[in-house]
Amino acid sequence: MGIGSSNTIKIKTIEGNREAMCMSDLESRIIELQGEPFILISSGGTVNTVDFDDFKTIAELKKKYKFWWHIDAAFGGFAACSDSYRHLIEGWEWADSITIDCHKWLNVPYESAVFFVKEDYKILQVETFQNSNAPYLGDPLENFSYLNFLPENSRRLKALPAWFSIMAYGKKGYQQIVENTIELSNQFGQLIENGEHFKLLAPVRLNTVCFTLKTQEDQDKVSLFLERLNSTGKVFMTPTFYDQHKGIRAAFVNWRTDERDVEMVFNLMNEIMLTLK
């Protein structure tokens with residue numbers, strides 16, 4: 001937005017292994033601004049642990065104070081596909097804008113994302129992104145074109161793979177994909193929790209498991225373990241740092257993954273650990 005990093009205000013997180021904002025600290029910071037304009041960036045599934053901010057409370061704060069509320073729901077927005085997990089995004093309908101990455105859980109190529117903005121802000125979007133004032137293009141509000149509603153101009157049809165995917169699987173198909181990958185992530189989390197060599201760094205909330213090697217003495221071996229695991233070509237996990245620990249992220253998104261894959265990967269992880277001793 002061009003406001004500069006020095007104008008970023010960080011909000012405290014909830015105590016106890018959470019990445020969600022502390023709502024009391026958030027309101028205190030809002031009061032300190034004394035009516036100055038700001039945009040609130042909240043999380044609909046954080047990258048490390050898929051943690052969610054309290055959307056219901058933020059919605060109430062929005063009634064008391066004037067601000068733009070944006071939700072980064074790159075992963076967590078797909079909780080809306082499942083009756084069992086939809087409660088995690090309750091209240092998000094009061095947000096001004098929401099982003100979701102289709103190239104994650106929709107299993108489509110990278111660069112596929114959706115940006116939701118409230119209907120009331122059509123004129124604001126045109127004022128911000130209008131491609132040209134040339135007479136031959138007509139009135140952008142009467143002659144709708146995404147060129148006037150997005151920051152990009154010349155671009156390929158990035159929406160096509162997502163459209164194909166939605167048409168192929170439909171609502172029921174994506175509910176099954178989402179719920180199956182969450183079930184598998186929980187299965188993997190239980191193996192981690194009950195295993196000899198690993199421990200969870202955070203609860204398993206949706207499709208991402210954040211864990212590390214069990215003992216403090218093994219912390220200096222995390223990078224080597226991950227390198228050897230990924231080099232097998234059978235699985236790919238990513239490094240992270242969470243709660244003062246070097247960590248590992250296992251994100252479940254592929255619709256073809258099943259229980260046999262989870263068991264195979266966990267056995268492979270244990271075999272690699274034995275080579276590090």
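Biologist: Which residues are buried in helix α1 (residues 23–32)?

Modeller: Happy to start there, and please keep in mind that this is a predicted model. Buried here means under 20% relative accessible area. In α1, the residues that count as buried are Met23, Asp25, Leu26 and Ile30.

Biologist: How wide an arc do they cover around the axis of α1?

Modeller: The buried residues are Met23, Asp25, Leu26 and Ile30. They lie on the same side of α1, because the arc they cover around the axis is only 160°.

Biologist: Which exposed residues does the face of α1 turned away from its buried side carry?

Modeller: Let's take both faces together. The buried residues of α1 pack against β1 (39–43) and α2 (55–64). The face turned away from that buried side carries the exposed residues Ser24 and Glu32.

Biologist: Which residue with a positive phi follows α1?

Modeller: Good one to look up in the structure above. Most residues other than glycine have a negative phi. After α1 comes a residue with phi near 50°, and that residue is Gln34.

Biologist: Which strands stand at the edges of the open sheet, each with a single partner strand?

Modeller: Four strands make up this open sheet, with mixed pairing and the order β1-β2-β3-β4. A strand with a single partner has one side left without a neighbour in the sheet, so the edges are taken by β1 and β4.

Biologist: What is the bridge partner of Ile41 in β2?

Modeller: β1 pairs with strand β2 (residues 68–72) in the parallel sense, over five bridges. On the β2 side, the bridge partner of Ile41 is His70.

Biologist: Where does Glu111 lie, given its positive phi near 90°?

Modeller: Let me bring in Asn107 too, with its positive phi near 55°. Asn107 lies in the loop between α3 (102–105) and β4 (113–117), and it is partly exposed because its relative accessibility is 33%. Glu111 is also partly exposed, with a relative accessible area of 40%. Its place is in the loop between α3 and β4.

Biologist: Over the face of which ring does Lys63 lie?

Modeller: Two lysines deserve a look here. Lys62 lies over the face of Phe67, with 5.2 Å to the ring centre. Lys63 is at 5.8 Å from its ring centre, and the ring belongs to Trp94.

Biologist: Why do Trp163 and Phe164 count as a tilted pair?

Modeller: The count of aromatic pairs comes to twelve. In the pair of Trp163 and Phe164, the ring centres are 5.5 Å apart. Planes under 30 degrees apart count as stacked and over 60 as edge-to-face, so with planes at 55° the pair is tilted.

Biologist: Are Trp163 and Phe164 buried, exposed or partly exposed?

Modeller: The exposed class begins over 50% relative accessible area, and buried means under 20%. Trp163 has a relative accessibility of 47%, and Phe164 has 48%. Trp163 therefore counts as partly exposed, and Phe164 likewise counts as partly exposed.

Biologist: How many residues apart in sequence are the parts that Phe198 and Phe225 tie together?

Modeller: Phe198 is buried at 0% relative accessibility, and Phe225 is buried with a relative accessible area of 0%. Ring pairs link both into a cluster with Phe188, Phe211, Phe252 and Phe266. Since Phe198 lies in strand β5 (residues 198–200) and Phe225 in helix α6 (residues 222–231), their pair ties together parts whose separation in sequence is 27 residues.

Biologist: Is His245 buried or exposed?

Modeller: His245 has its place in strand β8 (residues 245–251). Beyond four places in sequence, its contacts include Lys199, Leu201 and Thr212. Its relative accessibility is 13%, so His245 counts as buried.

Biologist: Which residues does Asn180 touch, not counting those up to four places away in sequence?

Modeller: Asn180 is in helix α5 (residues 159–194), and it is partly exposed with a relative accessible area of 29%. Its C-alpha atom is separated by 35 Å from that of Leu61, 119 residues apart along the chain. The residues that Asn180 touches are Trp255 and Thr257.

Conventions: Residues numbered from 1 in each chain as written. Predicted model: local features only at pLDDT ≥ 70, side-chain atom pairs only at ≥ 80, totals over all residues. Heavy atoms only, no water. Phe/Tyr/Trp six-rings, centres within 6.5 Å; stacked < 30°, edge-to-face > 60°. Buried < 20%, exposed > 50% of the residue type's maximum accessible area, 1.4 Å probe, protein only. Helix = DSSP H or I, 4+ residues; strand = E, 2+ residues; numbered from the N terminus. Lys NZ or Arg CZ within 6 Å of the ring centre and 35° of its normal. Arc of directions from axis to C-beta. Contact = heavy atoms within 4.5 Å. Pairing = 2+ DSSP bridges.
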